[in-house]
Amino acid sequence: PGFIDCHVHASQWAYMGTGIDRPLMADDGFLAKYAFPAESALNAQTAGEVYRAAIDDMLRNGTTTALVWGSARLDASEEYVKAVV
């Protein structure tokens, strides 16, 4: 038995816990200031490290099943697949 996480944004793992005092969708909000810039910077070189950290943290904390959103970038998403396989 393990935890099931039905909503994980793996591409946002590196800055988890930041920007929680900001509105989500404002011009200076969480998405504009943190999420969109960080996700657009993910590539085949950087994504593997972020995704492996997310997977390691989830497993260490008892999550055995997760519905994961990766990245809109194909090369970064391919790194997620490599990390879990």
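Q: How many salt bridges does the structure hold?

A: This is a predicted model, and the structure holds four salt bridges. One of them joins the side chains of Arg 22 and Asp 28, with 3.3 Å from N to O. Another is formed by the side chains of Asp 57 and Arg 60, at 2.1 Å from N to O. A further one brings together the side chains of Lys 82 and Glu 79, at 3.1 Å from N to O.

Q: By how much of a helical turn are Asp 57 and Arg 60 separated, and why?

A: Position along the helix gives the reason. Asp 57 and Arg 60 are three residues apart in helix H2, so about one helical turn separates them. In helix H3, Lys 82 and Glu 79 are likewise separated by about one helical turn, because they are three residues apart.

Q: Is Glu 79 buried or exposed?

A: A residue counts as buried when its relative accessible area is under 20% and as exposed when that area is over 50%; between these limits, the residue is partly exposed. Glu 79 has 12% relative accessibility, so Glu 79 counts as buried. Its salt-bridge partner is Lys 82, and with a relative accessible area of 56%, Lys 82 is exposed.

Q: Which residues of helix H3 are buried, and where do they lie around the helix axis?

A: One looks down the axis and asks where the buried residues point. Helix H3 covers residues 74-84, and its buried residues are Ala 76, Glu 79 and Tyr 80. Seen down the axis of H3, these residues fall within an arc of 105°, so they line one face of the helix. On the other side of H3, Leu 74 and Lys 82 are exposed.

Q: Against which elements do the buried residues of H3 pack?

A: They pack against helix H2, residues 44-60, and strand S2, residues 63-69. A residue of H2 provides an example of contact with H3. Ala 44 lies in helix H2 and, with residues up to four places away in sequence not counted, touches Asp 75 and Glu 79. Ala 44 counts as partly exposed, because its relative accessibility is 28%.

Q: Which residues make up the largest nonpolar core?

A: In soluble globular proteins, nonpolar side chains tend to be buried together. Here, the largest nonpolar core has 12 residues, including Val 8, Trp 13, Leu 42, Val 50, Met 58, Ala 76 and Tyr 80. H2 and H3 each supply at least two residues of this core. H2 gives the most, with six residues.

Q: Which residues are in contact with Val 50, leaving aside its neighbours within four places in sequence?

A: A contact list shows how a core residue meets parts of the chain beyond its sequence neighbours. Val 50 is in contact with Ala 10, Ser 11, Trp 13, Ala 14 and Leu 42. Of these, Ala 10, Trp 13 and Leu 42 are named in the core as well.

Q: What does Thr 63 touch, not counting residues up to four places away in sequence?

A: Thr 63 touches Phe 3, Asp 5 and Met 58. The place of Thr 63 is in strand S2. With 13% relative accessibility, Thr 63 counts as buried.

Q: Which residues form a nonpolar patch on the surface?

A: Nonpolar residues may also be examined at the surface. Val 81, Val 84 and Val 85 form such a patch, and together they have about 300 Å² of accessible area. Val 84 lies in helix H3 and counts as partly exposed at 46% relative accessibility. Val 85 is found in the segment after H3, and Val 85 is exposed, with a relative accessible area of 80%.

Technical notes
Residues are numbered from 1 along each chain as its sequence is written. This is a predicted model: local features need pLDDT of at least 70, side-chain atom pairs count only at pLDDT 80 or more; totals for chains, interfaces and linings use all residues. Side-chain values use heavy atoms; hydrogens and water are left out. Buried means under 20% relative accessible area, exposed over 50%, partly exposed in between (1.4 Å probe, protein chains only). Helices (H or I, at least four residues) and strands (E, at least two) are DSSP runs, numbered from the N terminus. The arc is that of the directions from the helix axis to the C-beta atoms. Contact means heavy atoms within 4.5 Å. A nonpolar core is a set of buried Ala, Val, Leu, Ile, Met, Phe, Trp, Tyr and Cys residues joined through side-chain atoms within 4.5 Å. Patches are made of residues with over 30% relative accessible area and no salt bridge: like charges are joined within 9 Å, nonpolar side chains (Val, Leu, Ile, Met, Phe, Trp, Tyr) within 5 Å. Accessible areas come from the Shrake-Rupley method with a 1.4 Å probe; for residues, only the protein chains shown count as cover.
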